[in-house]
Structure formats: structure tokens, C-alpha cells
Amino acid sequence: MSLIASVLKLDRAAVKALRITDPYSVHRVVYSLYSDVRDASDKTGHTPSGILHADQGGDFNGRNILLLADRAPADHAEGGYGEVSSKVIPIDFLTHARYRFKVIVNPTRRDSASGKLLPVKGREAVAAWFAERGPVSWGFSVSREHLQVARLEVLRFTDKAQRPVTLAQAHVQGQLTVTDQEQFRHSFACGIGRGRSFGCGLLQVVPLIDHPFAGF
């Protein structure tokens with residue numbers, strides 16, 4: 001399966017015209033770029049969309065959104081706004097042993113008594129959670145020496161059905177070592193953790209050697 005990495009670049013006029021104000025509006029614009037390959041039963045059964053994104057934020061002049069998908073996006077967002085640049089990820093990009101990484105995650109644990117998902121709070125707790133989950137669930141271990149939880153935030157917005165959503169996000173970066181190649185490929189292609197529809201889970205990785213695709 002080929003994976004295509006893209007960047008959606010939006011100027012200030014496009015951000016305003018597309019009404020980008022919160023994670024749901026970013027989700028709406030991102031998903032409008034791709035053909036919907038799932039039927040109703042797929043969606044009910046929680047079949048992955050094949051689309052990941054990471055909002056890089058912006059300033060007065062505009063906004064950039066990173067995209068990763070198993071199919072190509074449109075060249076522009078709805079209404080012809082924005083500009084999308086894409087490249088196919090080389091086959092050997094995921095064969096390295098070590099990478100620098102950045103990722104936005106939704107750190108949660110399931111309470112054993114109530115069964116409810118609870119947010120992991122605090123930088124030290126998030127770092128411990130991330131390091132613990134890596135080799136068990138994602139196919140890599142992380143260097144605790146280089147692991148940084150750069151930012152924690154709690155986002156509140158409404159979804160398509162106007163239901164309130166509260167999403168805890170942690171911006172994590174550091175160095176990883178692949179422990180299970182197949183699991184790591186899956187993590188990269190499908191994202192890690194929860195909240196992927198709203199901009200969590202996209203592993204931004206650069207091999208810790210010179211590589212022509214470095215910079216994704």
C-alpha cells in the first residue's frame with residue numbers, strides 16, 4: 001500500500017472562507033480533500049478512514065496542515081481554497097532502525113473500576129504513559145533522555161451533530177528505536193492512540209541518518 005504525504009497550505013483568506021476555528025472545522029476541511037471509500041457499515045464498524053492529519057497552527061498570514069493517507073488528496077480545498085503539495089513516501093523510508101519524531105497524542109487510560117477513559121495529566125505522567133505504550137502497542141521504544149512533552153492542552157468544541165467534545169492533547173517529541181518493524185509500519189500508516197479524526201496520532205518521523213525524504 002502506497003502512502004502519500006501532503007501539506008495543505010491555507011492563506012488568511014482561505015482560513016476565513018473555510019471557517020476554520022476549531023478541531024472539527026479542520027477535520028471537515030481535511031476530509032473534504034479525499035474520496036470517501038467507506039460505506040455505512042464500515043463507518044458503523046469503525047473501519048479507519050485511511051486519513052491522518054496534524055494541524056501545524058499558523059499566524060496572521062495563514063495555516064499549514066500535514067496530511068498522510070492511503071490515497072491522493074485533491075489539489076485544493078472546497079471552493080478552490082488553499083494549495084496541496086504531495087509526494088509518495090519511498091518504500092524504504094520505514095526500514096530504518098532509529099528516527100527523530102514529533103506527534104500529537106490524546107493520552108488516556110481506561111479506569112479499571114469504572115471502565116471510563118480518563119486523561120493522563122501532567123508532563124511526567126504523559127512521558128511515562130508514552131514510553132510505556134511504545135513497545136507494547138506501537139512497535140518502538142523511546143529514549144527517555146530525549147523525550148519531551150512540549151505542550152499540553154485541552155480543546156473543547158462541538159462535532160457534526162453539535163455534541164460537545166473535550167479532547168486532551170499532548171505534543172511529544174524525541175527519538176525512537178523500532179522494536180517491531182511490522183507494528184511500526186502500521187503505527188505510521190494508521191496513527192497512534194485515540195483522537196485521530198481530530199488531528200492526533202500522525203507520527204512525523206525523520207531517520208537518524210541522511211535520507212532524501214528527511215523532513216516529513
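Is Glu 132 buried, partly exposed or exposed? In this predicted model, where local features need pLDDT of at least 70, side-chain atom pairs count only at pLDDT 80 or more, and totals for chains, interfaces and linings use all residues, Glu 132 is partly exposed, with a relative accessible area of 45%. Here buried means under 20% relative accessible area, exposed over 50%, and partly exposed in between (1.4 Å probe, protein chains only). Residues are numbered from 1 along each chain as its sequence is written, and side-chain values use heavy atoms, with hydrogens and water left out.

Side chains of opposite charge can pair when their charged atoms come close. A salt bridge is taken as a side-chain nitrogen of Lys or Arg within 4 Å of a carboxyl oxygen of Asp or Glu, and the whole structure holds 6 of them. One of these joins Arg 109 to Glu 132, with 3.2 Å between the closest N and O atoms. Because Arg 109 sits in strand β6 (residues 108-110) and Glu 132 in helix α4 (residues 123-138), this pair ties together parts 23 residues apart in sequence. Helices (H or I, at least four residues) and strands (E, at least two) are DSSP runs, numbered from the N terminus. Arg 109 is partly exposed at 37% relative accessibility.

Another salt bridge links Asp 159 with Arg 163 at 2.9 Å, N to O. Asp 159 is buried at 12% relative accessibility, whereas Arg 163 is exposed at 52%.

Turning to helix α2 (residues 23-32), Pro 23 is found there and is buried, at 16% relative accessibility. Leaving aside neighbours within four places in sequence, Pro 23 contacts Leu 155, Phe 157 and Phe 198 (contact means heavy atoms within 4.5 Å).
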